[in-house]
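Work through the exercises below with the structure open beside you. Each task is followed by a solution in steps.

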Amino acid sequence: MKTLKSAPTTALLGMLILAAVLLTGVFAPLLAPYGETEIVGVEYEPWSAAFPLGTDNLGRDMLSRMIYGARNTVGLALLTTGIAFTAGAALGMLAALKGGWTDQALSRVIDVLMAVPPLILALMLLAIVGPSIPNMVGVIAVIYIAPVYRLSRAAAMNVVSQDFIQAAQLRGEGTLWLLRREVLPNISSTLIAEFGLRFCFVFLFIAALSFLGIGIQPPTADWGSMVKENATLITFGDITPLIPAAAIALLTIAINFIVDWMLHRASGLKS
Amino acid sequence: MSKLLDIRGLRLEAGPMGGRTTILHGLDLTLNRGEVLGLVGESGAGKSSAGLAAMGYTRDGVGITGGEILFDGIDLARASAATLQDLHGRRIAYVAQSAAASFNPAHRLIDQFCEAPLLHGTAARAAAEADAIALYRQMQLPNPDQIGFRYPHQVSGGQLQRAMTAMAMACRPDLIIFDEPTTALDVTTQIEVLGAIRDVVERYNTAAIYITHDLAVVSQMADRITVMKHGREVETAKTRQMLAAPQEDYTKSLWAVRGLKRPERSAPEAGPLLSMRGIEASYASAKVLQGVSLELPRGQTTAVVGESGSGKSTLAKVIAGVLPPSNGVVVWQGSPLPGRYQKRDRATLRHIQMVYQMADTALNPRHTVRGTLERPVRHFTGLRGAALGARVNELMELIELDPAVFLDRLIPELSGGQKQRIGIARALAAEPEFIICDEVTSALDQLVAEGILRLLLRLQAELGLTYMFITHDLATVEAIADRVVIMQQGRIVETGDQSRIFSDPQSDYTKRLLASVPQMDAGWLNGVRQRLAS
């Protein structure tokens, strides 16, 4: 609570926005005036009292789809980032601790992953396994294991060279204890900050894939595909398709504010 | 004599508004031309801050909040940046503790030497270079004509420190601040640097402030000594007078530190606890240990002494099983030990424990004291619940820390000495027979270090422990060791009972090592330099 009070306005604002989005996602069925895929009017109806943001290309309520979209897009992004972090951090710390062949083998595989541009790799992999939500989550998680691995390996390298690791090894501690109790607490602040940033990337990535039509499939509402589906409205001077885009931007900025603050705290700088 | 430097009522404060801490509480210092003043104190006494303030400089976040610093009539506390810039390097120079970190590694020594004379316009490039070579010669650097054209990483630590002193002399300043210039050096190197510094300071009649925590060193260098504690002056006197008759209790306690003596012990029981035969070990292609054979008698302290690079820490790694030997065998209570710790059983791991030099890195900063101690106790003895808590309390009492106060603190909330005690408690948690102490006191202040040594001696008497004590500090060896092993370049040079080694050293290296240890006697440096020269 005390640390929260000392947080700068930007970070507080970021936290407020993030909390609002998360709550919207969780309570979507209660908040949304209509169902997610319910066709309630004609196509492209303008803003009105009944449909505050108008209707989309199939006559579904935009506002309701925005609210459900928060749940789908943000929820999937969280899940994907979580998987990428668990696997990436575990492998990175393991490579740093074991060194030698373990490190070499893991690092070269990661290098291969990083050598291909992420979007192209995702398109390729999704073309192979087929576009479905579990496949998409899996593919993006695999792609984002690479940077998380790199970071946690570098951070853990600084920790494993210290004597307390040797002391624990000489005590006969197992690998799991060393990673979880000796290494992880010392790199967690770095990882948490990175989690925020990666979450943004994953979130944008999902939106991008959805926009390209191989991410979240219709009729599921998500912010990325909503931009795509209603893009034609732009030509008529209607800003409605920009609203999901703005929501993506807003959330990304909010998270960056929070991450900046956390990084600052972790670095120990005062001003 | 005219006063060169006159510091009056100097106050330094640091930290943000509201939470300011005072570093110096109204310090008074005077220095005459050509005089060397020794500033002595433990870490945190404010001696480095005082030294920097004598140049009109403060570290980031530190401010001068009172008093004046008169250098030849100019008040440095209020002088403009331009005035200070003109004085620094030309009339006041500074020699830092770590020359290796203070030289720019991308430039040759002589280029860095010439910077100050060119900047202040005291000499042209050619004249400055000639002067550099002359000073290198006076500093007794090997090959003075060429050494300046090398890069910092191409010369040794002792040579760098002398090159740095030469650089400080470049504009023939009136005042040089020496901030622990020999602390990071080996004793045999230190003696050369001390001699060279004193010669050059005398020759040019330069005034100097010599900052150190080592009383024996300061008594060689200074005409007058000021003892500091917590940002205050404790006592100032002429060196001989200070050595002979310190007035204040704090000064006396500093002087008395070297009085520690181990209790006399009977001859060791039959059979060594641990022995090594023909150990060879290497890092990649560099061979660090070459045929080391050694026996550690049960219940005694064996000190392994050597300078940096002698292989003494590697020996500890071989025993602990971190670095498997490429040849030779370690025998524990009659049976050979596997080279890697992974292959050793829990009972063996339990009986060989280590205490590390840097308590900061030896303890996980994210654990509490309780967490640090509970884990090894549970791991090795299998105690749970109330019995575990009782054992942890008992360990805390063994190391003389109050369990109620310290158990739930995080490691970074402890002082250096307290951390080292926790390091010892962690080793004791395994209920070992043998503890390897790797330079356990060298990062600590003298009074704190003495406390740790006393603790180790008491624990040995109570628990019958066997120690292998790795150190470069011969005063420590004299205080606690039964047997002494002298190492040089990966080989054992000499082994023997402590009293025999100190009274009747056989090898030349041991003799030189013993002769190089500074003594608390103002004439020691002159005497020993004459002897080494002849």
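**Exercise 1.** What percentage of the 534 residues in chain B do buried residues make up?

Solution. The model is a predicted one. A residue counts as buried if 20 or more other C-beta atoms lie within 10 Å of its own. By that cut-off, 44% of the residues in chain B are buried.

**Exercise 2.** Decide whether chain B is as compact as a globular protein of its length.

Solution. Begin with the elements: chain B holds 23 helices and 20 strands. The C-alpha atoms occupy a box of roughly 70 × 55 × 45 Å along the principal axes. Finally, of the contacts in chain B with a separation of 6 or more, 68% join residues 24 or more positions apart.

**Exercise 3.** Describe the fold content and extent of chain A.

Solution. Count the elements: chain A has eleven helices and zero strands. Its C-alpha trace spans about 70 × 50 × 30 Å along the principal axes. Of its 271 residues, 41% count as buried.

**Exercise 4.** Which helix of chain A gives the largest share of the side that touches chain B?

Solution. The contact takes 13 residues from chain A and 17 residues from chain B. On the chain A side, helix 8 (163-170) and helix 9 (175-212) each give two or more residues. Helix 8 of chain A has the largest share, six residues. By class, this side of chain A has four nonpolar, five polar and four charged residues.

Note on methods
Residues numbered from 1 in each chain as written. Chains lettered and ligands numbered in written order. Predicted model: local features only at pLDDT ≥ 70, side-chain atom pairs only at ≥ 80, totals over all residues. Contact = placed C-beta atoms within 7 Å. Helix = DSSP H or I, 4+ residues; strand = E, 2+ residues; numbered from the N terminus. Nonpolar A, V, L, I, M, F, W, Y, C, P; charged D, E, K, R; others polar. Rg over C-alpha atoms; globule rule 2.2 N^0.38 Å. Buried ≥ 20, exposed ≤ 12 C-beta atoms within 10 Å, placed from the backbone.
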